[in-house]
Amino acid sequence: MTDYDNIMHLANPTNTIAVLNRYGFNFQKKFGQNFLIDENIVEKIVREAGVTKDDFVLEIGPGIGTMTQILCENAREVVAVEIDTKLIPILKEDTLRYYDNVTVINEDILKLDINKIVEEKNNGKPIKVVANLPYYITTPIIMGLFENHVALDSITIMVQKEVADRMQVGPGTKDYGALSLAVQYYAKPEIVLNVPASCFMPRPNVDSAVIRLNRYQTPAYNVKNEKLLFNLIKASFLQRRKTMLNSVSNGLGNVTKEDLANALESMGLPKTVRGEALTLEQFVELSNLLAK
């Protein structure tokens with residue numbers, strides 16, 4: 001059994017700098033790399049993710065392994081997916097070398113067959129995803145996990161505070177949009193931790209937040225055509241200042257302006273309504289009316 005007390009944890013500036021200097025590592029702006037240097041925050045993230053010894057955890061973007069170490073000490077098994085080739089020797093030969101329950105994969109998470117990993121490593125049962133995500137790729141990663149129907153228990157992620165806010169807001173707010181609706185369709189979002197920029201190296205220009213998305217294990221909504229629903233949502237927010245009649249009829253090939261007008265009327269909504277005024281329930285009802 002590994003003696004975790006003797007392992008050098010990375011979540012502080014001294015140990016992080018020591019590892020970076022040892023390997024002559026330079027931060028890659030294109031990968032949006034910001035490493036956590038606050039052990040208290042790292043432990044809180046793992047705790048909020050509810051990781052136990054029964055869990056298989058997928059970590060996206062482990063960096064030098066700061067959070068991976070704590071995940072390994074709390075989970076049954078961890079797979080860490082890192083795109084930056086220069087970080088692989090640090091992870092495999094140094095910071096994670098004492099852990100026997102972790103697999104490091106050098107791959108782009110957007111190109112990886114996650115369903116295959118879940119099947120092989122967890123018998124297809126729901127997994128927990130934990131990540132400190134680069135801001136530029138947050139939405140594609142989250143939507144990729146949901147739209148590919150990966151067996152998920154929850155996703156606990158550190159993202160830009162503004163993005164976390166966007167995921168949990170409702171209609172009528174400036175942050176409400178396609179991401180809010182898509183996340184809330186699949187999961188219940190909850191911001192569990194706010195993280196100041198000072199907790200990272202290098203220090204980002206914005207504050208972050210940790211949001212936990214608890215996946216609905218059975219669909220929360222009865223939708224006739226999921227693809228139509230999401231096309232409808234996306235089209236509604238492409239041009240926020242336009243009414244739905246003008247923005248959607250251009251973006252939904254086989255739905256005519258008349259079809260949309262009739263559906264809105266049957267729901268008691270004015271023809272001048274905009275997408276940001278509709279709740280998720282109303283979008284579901286509207287898409288079901290339009291699904292022929």
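User: In this predicted model, which residues does Ile211 touch, not counting residues up to four places away in sequence?
Analyst: In the predicted model, residues up to four places away in sequence are not counted for Ile211. With these set aside, the residues that Ile211 touches are Ile155, Thr156, Ile157, Val159, Ala164, Met167, Pro189, Glu190 and Ile191.

User: Is Ile211 buried or exposed?
Analyst: Ile211 is found in strand S9, which spans residues 208-215. Its relative accessible area is 0%, and buried means under 20%. Ile211 is therefore buried.

User: What distance separates the C-alpha atoms of Ile211 and Asp165?
Analyst: Along the chain, Ile211 and Asp165 are 46 residues apart.

User: Which residues of the largest nonpolar core touch the most other members?
Analyst: The largest nonpolar core contains 68 residues. Helix H9 (residues 226-238) provides the largest share of this core, seven residues. Apart from this core lies another, of 30 residues, with Ala75, Val78, Tyr99 and Val195 among them. Within the largest core, the residues that touch the most other members are Met167 and Leu286.

User: How far apart in space are Ile233 and Leu179, C-alpha to C-alpha?
Analyst: Ile233 lies in helix H9 and counts as buried because its relative accessibility is 1%, against a limit of under 20%. Leaving aside neighbours within four places in sequence, Ile233 is in contact with Ala178, Leu181 and Phe283. Ile233 and Leu179 are 54 residues apart in sequence, and their C-alpha to C-alpha distance is 9.4 Å.

User: What is the volume of the largest pocket?
Analyst: The lining of the largest pocket divides into 21 nonpolar, nine polar and six charged residues. Strand S1 (35-36), strand S2 (56-60), helix H3 (66-74) and strand S3 (77-82) each supply at least two residues of that lining. The space in the largest pocket is about 640 Å³.

User: Of the 36 residues that line the largest pocket, which are the closest to its centre?
Analyst: One of the elements that supply at least two lining residues is helix H3, in which eight of nine residues are buried. The buried residues of H3 are Thr66, Met67, Thr68, Gln69, Ile70, Leu71, Cys72 and Glu73. The closest to the centre of the largest pocket, however, are Phe31, Gly32, Gln33, Asn34 and Pro134.

User: Which residues are the closest to the centre of the second largest pocket?
Analyst: The second largest pocket has a volume of about 200 Å³. Its lining has ten nonpolar, three polar and two charged residues. Of the 15 residues in this lining, the closest to the centre are His149, Tyr186, Arg215, Tyr216 and Pro219.

User: Is the aromatic pair of Phe25 and Phe27 stacked or edge-to-face?
Analyst: A search of the whole structure finds ten aromatic pairs. For Phe25 and Phe27, the rings lie 5.7 Å centre to centre, with 80° between the planes. Phe25 is buried at a relative accessible area of 9%, whereas Phe27 is partly exposed at 31%. Planes over 60 degrees apart count as edge-to-face, so the pair of Phe25 and Phe27 is edge-to-face.

User: How many residues apart are Tyr176 and Phe237, whose rings also pair?
Analyst: The ring centres of Tyr176 and Phe237 are 5.9 Å apart and the planes stand at 80°, so the pair is edge-to-face. Both residues are buried, with relative accessible areas of 1% for Tyr176 and 11% for Phe237. Tyr176 is in the loop between helix H7 (161-168) and helix H8 (178-186), and Phe237 is in helix H9; the pair links distant parts of the chain, 61 residues apart.

Conventions: Residues are numbered from 1 along each chain as its sequence is written. This is a predicted model: local features need pLDDT of at least 70, side-chain atom pairs count only at pLDDT 80 or more; totals for chains, interfaces and linings use all residues. Side-chain values use heavy atoms; hydrogens and water are left out. Helices (H or I, at least four residues) and strands (E, at least two) are DSSP runs, numbered from the N terminus. Buried means under 20% relative accessible area, exposed over 50%, partly exposed in between (1.4 Å probe, protein chains only). Contact means heavy atoms within 4.5 Å. On a 1 Å grid over the protein atoms alone, a cavity is a set of points where a 1.4 Å probe fits but cannot get out, and a pocket is an open set with protein on both sides within 12 Å along at least five of seven lines; lining residues have an atom within 4 Å of a point. Grid points are joined across faces, edges and corners, and a volume is the space filled by probe spheres set on the points. Ala, Val, Leu, Ile, Met, Phe, Trp, Tyr, Cys and Pro count as nonpolar, Asp, Glu, Lys and Arg as charged, and the others, Gly among them, as polar. A nonpolar core is a set of buried Ala, Val, Leu, Ile, Met, Phe, Trp, Tyr and Cys residues joined through side-chain atoms within 4.5 Å. Rings of Phe, Tyr and Trp (its six-membered ring) pair if their centres lie within 6.5 Å; planes under 30 degrees apart count as stacked, over 60 as edge-to-face and the rest as tilted.
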